[in-house]
Amino acid sequence: MNPYCEIDPACWPRREMFSFYRNFDAPCFTVTVKVGAEPLYVWAKRRHESFFLLALYAILRAANAVPQVRQRVLPDGRIVEFERIAVMTPIMTASEMFHQIWCEYEPDFAAFRDAAAPLVAEAGNGSPAPMEEHGADFLCASCVPWLHFEALNPADYAFSQDIPVLTWGRLEDGRIPVSVKFNHCFVDGLHVGRFFRQLEEGFSCPETL
(Lines give C-alpha, C1' and ligand atoms only; values in the text may rest on other atoms or scores of the structure.)
Protein backbone atom coordinates (compact mmCIF):
# COMPACT_ATOMS: atom_id res chain seq x y z
CA MET A 1 0.00 0.00 0.00
CA ASN A 2 1.22 3.48 -0.84
CA PRO A 3 2.12 5.86 2.02
CA TYR A 4 -0.68 7.99 3.46
CA CYS A 5 -1.37 10.59 6.09
CA GLU A 6 -4.32 10.30 8.43
CA ILE A 7 -6.89 13.10 8.42
CA ASP A 8 -8.09 14.24 11.85
CA PRO A 9 -11.86 14.80 11.51
CA ALA A 10 -11.84 17.21 14.46
CA CYS A 11 -9.85 19.82 12.52
CA TRP A 12 -10.77 18.83 8.96
CA PRO A 13 -12.49 21.69 7.09
CA ARG A 14 -14.58 19.16 5.18
CA ARG A 15 -15.87 17.38 8.28
CA GLU A 16 -19.49 18.55 8.03
CA MET A 17 -19.73 17.96 4.28
CA PHE A 18 -18.23 14.49 4.70
CA SER A 19 -20.72 13.58 7.43
CA PHE A 20 -23.62 14.93 5.35
CA TYR A 21 -22.83 12.92 2.22
CA ARG A 22 -21.77 9.82 4.18
CA ASN A 23 -25.42 9.37 5.18
CA PHE A 24 -26.56 9.20 1.55
CA ASP A 25 -27.61 5.78 0.25
CA ALA A 26 -25.64 6.53 -2.94
CA PRO A 27 -23.18 9.42 -2.43
CA CYS A 28 -21.37 8.91 -5.74
CA PHE A 29 -21.95 10.96 -8.88
CA THR A 30 -20.77 10.62 -12.48
CA VAL A 31 -19.53 13.32 -14.85
CA THR A 32 -18.80 12.85 -18.57
CA VAL A 33 -16.65 15.34 -20.46
CA LYS A 34 -15.29 15.23 -24.00
CA VAL A 35 -11.61 16.12 -23.82
CA GLY A 36 -9.50 17.26 -26.75
CA ALA A 37 -6.90 14.57 -27.45
CA GLU A 38 -5.70 15.09 -31.03
CA PRO A 39 -2.24 16.32 -29.89
CA LEU A 40 -1.82 13.22 -27.74
CA TYR A 41 -2.78 10.95 -30.65
CA VAL A 42 -0.45 12.69 -33.12
CA TRP A 43 2.41 12.69 -30.62
CA ALA A 44 1.93 8.96 -29.98
CA LYS A 45 1.97 8.10 -33.70
CA ARG A 46 5.03 10.22 -34.45
CA ARG A 47 7.01 8.70 -31.61
CA HIS A 48 5.64 5.17 -31.99
CA GLU A 49 4.29 5.21 -28.46
CA SER A 50 1.21 3.44 -27.17
CA PHE A 51 -1.75 5.81 -27.34
CA PHE A 52 -3.46 3.68 -24.69
CA LEU A 53 -0.57 3.96 -22.23
CA LEU A 54 -0.16 7.68 -22.87
CA ALA A 55 -3.84 8.31 -22.15
CA LEU A 56 -3.75 6.05 -19.10
CA TYR A 57 -0.74 7.88 -17.70
CA ALA A 58 -2.31 11.30 -18.33
CA ILE A 59 -5.39 10.12 -16.43
CA LEU A 60 -3.33 8.79 -13.55
CA ARG A 61 -1.23 11.96 -13.35
CA ALA A 62 -4.37 14.12 -13.32
CA ALA A 63 -5.86 12.02 -10.52
CA ASN A 64 -2.70 12.30 -8.44
CA ALA A 65 -2.63 16.08 -8.90
CA VAL A 66 -5.91 16.54 -6.97
CA PRO A 67 -5.62 15.69 -3.24
CA GLN A 68 -9.35 15.02 -2.83
CA VAL A 69 -9.15 12.26 -5.45
CA ARG A 70 -6.54 10.52 -3.27
CA GLN A 71 -8.67 10.56 -0.11
CA ARG A 72 -10.32 7.40 1.23
CA VAL A 73 -11.95 5.78 4.25
CA LEU A 74 -10.02 2.72 5.40
CA PRO A 75 -11.84 -0.42 6.63
CA ASP A 76 -11.15 0.59 10.24
CA GLY A 77 -12.93 3.93 9.68
CA ARG A 78 -9.87 6.15 9.50
CA ILE A 79 -9.94 8.91 6.89
CA VAL A 80 -6.67 9.14 4.96
CA GLU A 81 -5.03 10.91 2.05
CA PHE A 82 -2.64 8.75 0.05
CA GLU A 83 0.66 10.25 -1.03
CA ARG A 84 -0.01 8.76 -4.47
CA ILE A 85 -2.48 6.35 -6.02
CA ALA A 86 -2.07 3.64 -8.64
CA VAL A 87 -4.41 2.63 -11.45
CA MET A 88 -6.13 -0.67 -12.07
CA THR A 89 -7.14 -1.22 -15.69
CA PRO A 90 -8.60 -4.14 -17.68
CA ILE A 91 -6.66 -5.53 -20.65
CA MET A 92 -8.40 -7.50 -23.39
CA THR A 93 -7.33 -11.14 -23.63
CA ALA A 94 -7.34 -13.47 -26.63
CA SER A 95 -10.68 -14.89 -25.42
CA GLU A 96 -12.23 -11.39 -25.68
CA MET A 97 -12.57 -11.06 -21.93
CA PHE A 98 -10.28 -9.08 -19.67
CA HIS A 99 -7.44 -9.35 -17.20
CA GLN A 100 -6.97 -6.57 -14.65
CA ILE A 101 -3.49 -5.13 -14.17
CA TRP A 102 -2.15 -2.82 -11.47
CA CYS A 103 0.12 0.07 -12.48
CA GLU A 104 1.83 2.28 -9.93
CA TYR A 105 2.20 6.00 -10.45
CA GLU A 106 5.61 7.07 -11.79
CA PRO A 107 7.21 10.54 -12.02
CA ASP A 108 7.07 10.58 -15.83
CA PHE A 109 5.59 8.69 -18.76
CA ALA A 110 8.84 6.95 -19.74
CA ALA A 111 9.12 5.28 -16.32
CA PHE A 112 5.41 4.42 -16.34
CA ARG A 113 5.61 2.92 -19.85
CA ASP A 114 8.64 0.81 -18.99
CA ALA A 115 6.84 -0.65 -15.97
CA ALA A 116 3.36 -0.98 -17.48
CA ALA A 117 4.05 -2.22 -21.03
CA PRO A 118 5.24 -5.72 -19.93
CA LEU A 119 2.15 -6.04 -17.71
CA VAL A 120 -0.12 -5.17 -20.64
CA ALA A 121 1.59 -7.72 -22.90
CA GLU A 122 1.44 -10.44 -20.26
CA ALA A 123 -2.22 -9.79 -19.49
CA GLY A 124 -3.17 -9.79 -23.18
CA ASN A 125 -1.63 -13.24 -23.58
CA GLY A 126 -2.98 -14.53 -20.29
CA SER A 127 -6.22 -15.84 -18.87
CA PRO A 128 -9.18 -13.64 -17.93
CA ALA A 129 -9.03 -12.43 -14.34
CA PRO A 130 -11.28 -9.93 -12.52
CA MET A 131 -10.16 -7.36 -10.00
CA GLU A 132 -8.21 -8.79 -7.10
CA GLU A 133 -8.54 -7.55 -3.55
CA HIS A 134 -6.30 -4.56 -2.91
CA GLY A 135 -6.09 -1.60 -0.63
CA ALA A 136 -7.87 1.61 -1.54
CA ASP A 137 -4.84 3.40 -3.01
CA PHE A 138 -5.95 3.31 -6.66
CA LEU A 139 -8.54 4.34 -9.21
CA CYS A 140 -10.21 2.12 -11.80
CA ALA A 141 -9.74 3.26 -15.41
CA SER A 142 -11.13 1.39 -18.41
CA CYS A 143 -10.77 2.08 -22.12
CA VAL A 144 -13.77 1.40 -24.37
CA PRO A 145 -12.22 2.09 -27.80
CA TRP A 146 -15.32 0.91 -29.71
CA LEU A 147 -17.57 3.71 -28.45
CA HIS A 148 -17.59 7.49 -28.63
CA PHE A 149 -20.25 7.83 -25.94
CA GLU A 150 -22.22 10.80 -24.67
CA ALA A 151 -22.51 9.48 -21.12
CA LEU A 152 -21.75 6.32 -19.21
CA ASN A 153 -22.73 5.05 -15.77
CA PRO A 154 -20.25 2.41 -14.51
CA ALA A 155 -21.16 -0.60 -12.42
CA ASP A 156 -21.07 -0.01 -8.68
CA TYR A 157 -18.81 -2.08 -6.48
CA ALA A 158 -20.68 -0.47 -3.60
CA PHE A 159 -23.02 2.52 -3.53
CA SER A 160 -20.67 4.28 -1.11
CA GLN A 161 -17.41 3.37 -2.83
CA ASP A 162 -14.56 5.81 -2.31
CA ILE A 163 -12.48 4.61 -5.25
CA PRO A 164 -13.04 6.67 -8.43
CA VAL A 165 -14.14 4.73 -11.51
CA LEU A 166 -13.24 6.17 -14.91
CA THR A 167 -13.96 5.11 -18.49
CA TRP A 168 -12.67 6.71 -21.68
CA GLY A 169 -13.83 6.03 -25.21
CA ARG A 170 -12.93 6.30 -28.88
CA LEU A 171 -11.23 9.38 -30.32
CA GLU A 172 -13.60 11.14 -32.70
CA ASP A 173 -13.35 14.66 -34.16
CA GLY A 174 -10.27 15.19 -32.02
CA ARG A 175 -12.02 14.48 -28.72
CA ILE A 176 -12.27 11.56 -26.31
CA PRO A 177 -15.25 11.08 -23.98
CA VAL A 178 -14.14 10.62 -20.38
CA SER A 179 -16.66 9.51 -17.76
CA VAL A 180 -15.66 9.40 -14.11
CA LYS A 181 -17.54 8.53 -10.92
CA PHE A 182 -16.47 10.29 -7.71
CA ASN A 183 -17.65 10.09 -4.11
CA HIS A 184 -19.26 13.35 -2.98
CA CYS A 185 -17.91 12.79 0.55
CA PHE A 186 -14.54 13.93 -0.78
CA VAL A 187 -15.09 15.47 -4.20
CA ASP A 188 -17.18 18.48 -5.26
CA GLY A 189 -17.62 20.11 -8.65
CA LEU A 190 -14.59 22.32 -8.00
CA HIS A 191 -12.36 19.26 -7.62
CA VAL A 192 -13.87 17.63 -10.70
CA GLY A 193 -13.01 20.78 -12.63
CA ARG A 194 -9.44 20.66 -11.37
CA PHE A 195 -9.13 17.01 -12.37
CA PHE A 196 -10.36 17.66 -15.90
CA ARG A 197 -8.16 20.75 -16.25
CA GLN A 198 -5.14 18.61 -15.40
CA LEU A 199 -6.30 15.95 -17.84
CA GLU A 200 -6.82 18.48 -20.63
CA GLU A 201 -3.29 19.79 -20.09
CA GLY A 202 -1.85 16.27 -20.36
CA PHE A 203 -3.83 15.48 -23.49
CA SER A 204 -2.97 18.79 -25.19
CA CYS A 205 0.70 18.92 -24.13
CA PRO A 206 1.92 15.30 -24.22
CA GLU A 207 5.56 16.40 -24.18
CA THR A 208 5.05 17.36 -20.53
CA LEU A 209 4.05 13.83 -19.49
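This is a short walk through the model, one selection at a time.

Before you click, note that the model is predicted: local features need pLDDT of at least 70 and side-chain atom pairs pLDDT 80 or more, while totals for chains, interfaces and linings use all residues. Numbering runs from 1 along each chain as its sequence is written, and side-chain values use heavy atoms, with hydrogens and water left out.

**Stop 1: Asn2**

Select Asn2, in the segment before strand 1 (4–7). Helices (H or I, at least four residues) and strands (E, at least two) are DSSP runs, numbered from the N terminus. Asn2 is buried, at 6% relative accessible area. The classes are buried under 20%, exposed over 50% and partly exposed in between, with a 1.4 Å probe and protein chains only. Now show its surroundings: leaving out residues up to four places away in sequence, Asn2 touches Phe82, Arg84, Ile85, Ala86, Glu104 and Asp137 (contact means heavy atoms within 4.5 Å). With Glu104 there is also a side-chain polar contact of 3.2 Å. That term covers a pair of N or O atoms within 3.5 Å; within protein, one must be able to donate a hydrogen and the other to accept it, and residues adjacent in sequence count only if both atoms are side-chain atoms.

**Stop 2: the largest pocket**

Next, go for the largest pocket, with a volume of about 1200 Å³. Of its 47 lining residues, Gln100, Cys140, Ala141, Ser142 and Val165 are the closest to the centre. Colour strand 7 (138–144) too: strand 7 gives the largest share of the lining, six residues. The lining has 32 nonpolar, eight polar and seven charged residues. Here Ala, Val, Leu, Ile, Met, Phe, Trp, Tyr, Cys and Pro count as nonpolar, Asp, Glu, Lys and Arg as charged, and the others, Gly among them, as polar.

On a 1 Å grid over the protein atoms alone, a pocket is an open set with protein on both sides within 12 Å along at least five of seven lines; a cavity is a set of points where a 1.4 Å probe fits but cannot get out, and lining residues have an atom within 4 Å of a point. Points are joined across faces, edges and corners, and a volume is the space filled by probe spheres set on them.

**Stop 3: the cavity**

How many cavities of 30 Å³ or more are there? The count is one. Select Gln68, Val69, Gln71, Arg72, Asp162, Pro164, Phe182, Asn183, Phe186 and Val187 to see the lining of the largest cavity. That lining splits into five nonpolar, three polar and two charged residues.

**Stop 4: rings**

Phe182 turns up again here: ring pairs link Phe29, Phe182, Phe195 and Phe196 into a cluster. Rings of Phe, Tyr and Trp (its six-membered ring) pair if their centres lie within 6.5 Å; planes under 30 degrees apart are stacked, over 60 edge-to-face and the rest tilted. The count comes to 16 aromatic pairs. One of them is Phe20 with Tyr21, edge-to-face at 5.0 Å centre to centre and 70° between planes. Tyr21 also pairs edge-to-face with Phe24, at 5.1 Å and 65°. Tyr21 is buried at 12%, while Phe24 is partly exposed at 37%.

**Stop 5: two loop residues**

Finish with His48, in the loop between helix 2 (38–47) and helix 3 (51–64). Its phi is near 55°, a positive value in a residue other than glycine. Most residues other than glycine have a negative phi. His48 is exposed, at 73%.
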